Amino acid sequence: MDNSTIRGDSYQKLSDEEIKHQIKNLQGWNVVNGKLNRTFEFRSFVRTFGFMTKVAMEAEKMNHHPEWFNVYSKLSIDLVTHDMGGISNYDIKLAGVISKLYDEENQ
């Protein structure tokens with residue numbers, strides 16, 4: 001992932017242009033209603049829940065938590081930094097982590 005607009009470890013709200021640039025590197029992610037969004041599908045509820053647990057552990061390490069909605073084998077994730085009023089560098093970073101976990105899960 002190209003982190004050229006991800007500045008340091010502090011939260012930075014990204015401009016629309018920065019978001020467009022960064023989202024190109026995040027396969028499957030889109031901006032929906034001002035949030036990064038991606039829907040994932042799994043073979044079973046247990047695999048979905050296991051994935052959610054992995055994401056939760058990584059999100060906790062970052063102290064940056066997703067909004068998500070799960071029905072059986074589908075999981076929809078939204079990422080936004082409420083305190084910043086938009087998408088931040090942490091949303092991009094967490095989306096990258098989530099994508100990597102998903103790719104590892106489906107190898």
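Which residue in E2 is the bridge partner of Val-32? In this predicted model, the partner of Val-32 is Lys-35, and the strands concerned, like the helices below, are DSSP runs numbered from the N terminus (helices H or I of at least four residues, strands E of at least two). Residues are numbered from 1 along each chain as its sequence is written, side-chain values use heavy atoms without hydrogens or water, and local features need pLDDT of at least 70, while side-chain atom pairs count only at pLDDT 80 or more and totals for chains, interfaces and linings use all residues.

**Strands**

Strand E1 (residues 30-32) pairs with strand E2 (residues 35-41) in the antiparallel sense over 3 bridges, where pairing requires that DSSP finds at least two bridges between two strands. These two strands form a hairpin with 2 residues between them, and Asn-33 in the turn has a positive phi of about 55°. E2 also pairs in the antiparallel sense with strand E4 (residues 74-79), over 6 bridges, with Leu-79 of E4 as the bridge partner of Leu-36.

**Helix H2**

The buried residues of H2 are Thr-48, Phe-51, Met-52, Val-55, Ala-59 and Met-62 (buried means under 20% relative accessible area, exposed over 50%, partly exposed in between, with a 1.4 Å probe and protein chains only). They cover an arc of only 105° around the axis, which puts them on the same side of H2; the arc is that of the directions from the helix axis to the C-beta atoms. The face turned away from this buried side carries the exposed residues Val-46, Met-57, Glu-60 and Lys-61.

**Salt bridges**

The structure holds 5 salt bridges, each being a side-chain nitrogen of Lys or Arg within 4 Å of a carboxyl oxygen of Asp or Glu.

| Pair | N to O distance |
|---|---|
| Lys-35 and Glu-67 | 2.8 Å |
| Glu-58 and Lys-61 | 3.1 Å |
| Lys-100 and Glu-104 | 4.0 Å |

The salt bridge of Lys-35 and Glu-67 links distant parts of the chain, with Lys-35 in strand E2 and Glu-67 in strand E3, 32 residues apart. Lys-35 is partly exposed at a relative accessible area of 22%, and Glu-67 is partly exposed at 26%. Glu-58 and Lys-61, 3 residues apart in helix H2, are separated by about one helical turn; Glu-58 is partly exposed at 25% relative accessibility, whereas Lys-61 is exposed at 66%. Lys-100 and Glu-104 lie in helix H3 (residues 89-105), 4 residues apart.
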